[in-house]
Amino acid sequence: MNITHVIIGLNVGGAELMLARLIDTQRGTAPRVRHRVVSLTTLGEIGARLQAQGVEVTALGMGSALKGPLTFWRLVRLLRRERPDIVQTWMYHGDLIGGVAARVAGIRRIIWGIRTTDITKGGSRVTRGLRWVCARLSRHVPTRIVCAAEASLNIHAALGYDRARMMVIPNGVALERMTASAESVAALRTEWHLSTDDRVVGMVGRFNPVKGQQDFVAAADQIAMRCPRARFVMVGMGCDAQNPQLAAWIAQTGAADRFVLAGKRSDVPQCLAAMEVFVMPSRTEGFPNVLAEAMAMARPCVATDVGDARAVLGDCGQVVPAEVPEALADAVLAILDADDDARAAFGCSSRHRVETEYTMARSAQRFEALYDGLMDQKEG
């Protein structure tokens, strides 16, 4: 079974990482499924990584909208030549260009992929236009439309996407990567100048308004006043001392000396393991990958009620309204005030929930079942 994936680019991002993990997982669990990847733009870090693993990756070099028509016809020719059994596209650009190109090339088994949830934040005019067009084409181009979150499905169906073709396959956590030794965690806390008595409240996410760093800082200010041992760690691209906006927010608190700005890290499991409480203060999410990863690391979690956070967390942590720092602070303090056994129980239940529902292996199985179902149907 040959699957060709079409995606706008292969730099590091949620969709790109999910694609790479899907391919990597199915190479072990479903070797009969053969993947190749087409980037509409450049190779990117993820593309290079896939190539190093032996996956065929093609970059079509679309650097601007002016090159869109040429890129489209290059993709049509590639698909006519390769004749994959299924074309799977990722995000709005990939759905529109890849889906229509597959139809023109005579391929009828087409899977679209939707990942966004809150369409009011973080979207450009071009993105809104692409979404509008995709909604109108959703009854004609894709065979199935896979959403990463139930919230994504509902909001896009309300926008006019064909609900009958839509389904949810949640993202998965690669559990084998979510480990951290006691020694590595102790070393990291030492690097951050944290003592064994400190209670670390942390978040992980690139610096962006939708990730809620401003709300985290505001909540930390309130937590600091009520918990002298609380320390606050922020991990992610742009969450460093060179960020003037973030520095200004922290300077306005009464606890600037209690923040650790760790920036982008490659040891996220160790970072999570170094936290007593993980906070996801996002203002919008689809499937909250970082929340599932924190749960996999058996961290007690507090998350805002965005995207599928409530569904993922279940009763394994605290869910609060978005953009309400006071609620974040109260929920974190409730966990910090609990005894060690109660926090450990939260963590164990979180890990168990991910193991049963949100592993990468489970996600790959769901995609394999979708592929098999499409192959059982006649093209048309």
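Me: Leaving aside neighbours within four places in sequence, which residues is His-156 in contact with?
Reply: This is a predicted model, and in it His-156 sits in helix α6, which spans residues 150–158. Skipping the neighbours within four places in sequence, the contacts of His-156 are Tyr-92, Ile-114, Thr-116, Arg-131, Tyr-161 and Met-166.

Me: Is His-156 buried or exposed?
Reply: Buried means under 20% relative accessible area. The relative accessible area of His-156 is 0%, so this residue counts as buried.

Me: How many Å apart in space are Leu-153 and Arg-229, C-alpha to C-alpha?
Reply: Along the sequence, 76 residues separate Leu-153 from Arg-229. In space, C-alpha to C-alpha, the gap between Leu-153 and Arg-229 is 42 Å.

Me: Which residue with positive phi follows α6?
Reply: α6 covers residues 150–158. Past that helix there's a residue with phi near 115 degrees, and it's Gly-160.

Me: Which residue with positive phi follows α11, and where does it lie?
Reply: Here phi is near 60 degrees, and the residue after α11 is Ala-298. Ala-298 isn't a glycine, yet its phi is positive. With 24% relative accessibility, Ala-298 counts as partly exposed. As for its place, Ala-298 is in the loop between α11 and β12 (301–304).

Me: What is the phi of Arg-83, about how many degrees?
Reply: Arg-83 belongs to the loop between α3 (68–82) and β4 (86–90). Its relative accessible area is 39%, so Arg-83 is partly exposed. Arg-83 is not a glycine, but its phi is positive, at about 50 degrees.

Me: How many of the residues of α11 are buried?
Reply: The buried ones in α11 are Val-290, Leu-291, Ala-292, Glu-293, Ala-294, Met-295 and Ala-296. That leaves α11 mostly covered, and the count out of its eight residues is seven.

Me: Leaving aside its neighbours within four places in sequence, which residues does Trp-192 contact?
Reply: Beyond its neighbours within four places in sequence, Trp-192 is in contact with Val-233, Val-235, Val-260, Ala-262, Arg-265, Cys-271 and Ala-274.

Me: Is Ser-184 buried or partly exposed?
Reply: Ser-184 is found in helix α7, residues 182–191, and it's 44 Å from Arg-128 in space, C-alpha to C-alpha. Buried would need under 20% relative accessible area. Ser-184 has 23% relative accessibility, so it counts as partly exposed.

Me: What is the radius of gyration of the protein chain?
Reply: The chain has 15 helices and 13 strands. For 380 residues the globule rule gives 21 Å, and the chain's value is close to that, so it is as compact as a globular protein of that length, with a radius of gyration of 22 Å.

Me: What percentage of contacts between residues at least 6 apart in sequence joins residues at least 24 apart?
Reply: Buried residues make up 55% of the 380 in the protein chain. As for contacts between residues at least 6 apart in sequence, the share joining residues at least 24 apart is 69%.

Key. Residues are numbered from 1 along each chain as its sequence is written. This is a predicted model: local features need pLDDT of at least 70, side-chain atom pairs count only at pLDDT 80 or more; totals for chains, interfaces and linings use all residues. Side-chain values use heavy atoms; hydrogens and water are left out. Helices (H or I, at least four residues) and strands (E, at least two) are DSSP runs, numbered from the N terminus. Buried means under 20% relative accessible area, exposed over 50%, partly exposed in between (1.4 Å probe, protein chains only). Contact means heavy atoms within 4.5 Å. The radius of gyration is taken over C-alpha atoms; the globule rule is 2.2 Å times the number of residues to the power 0.38.
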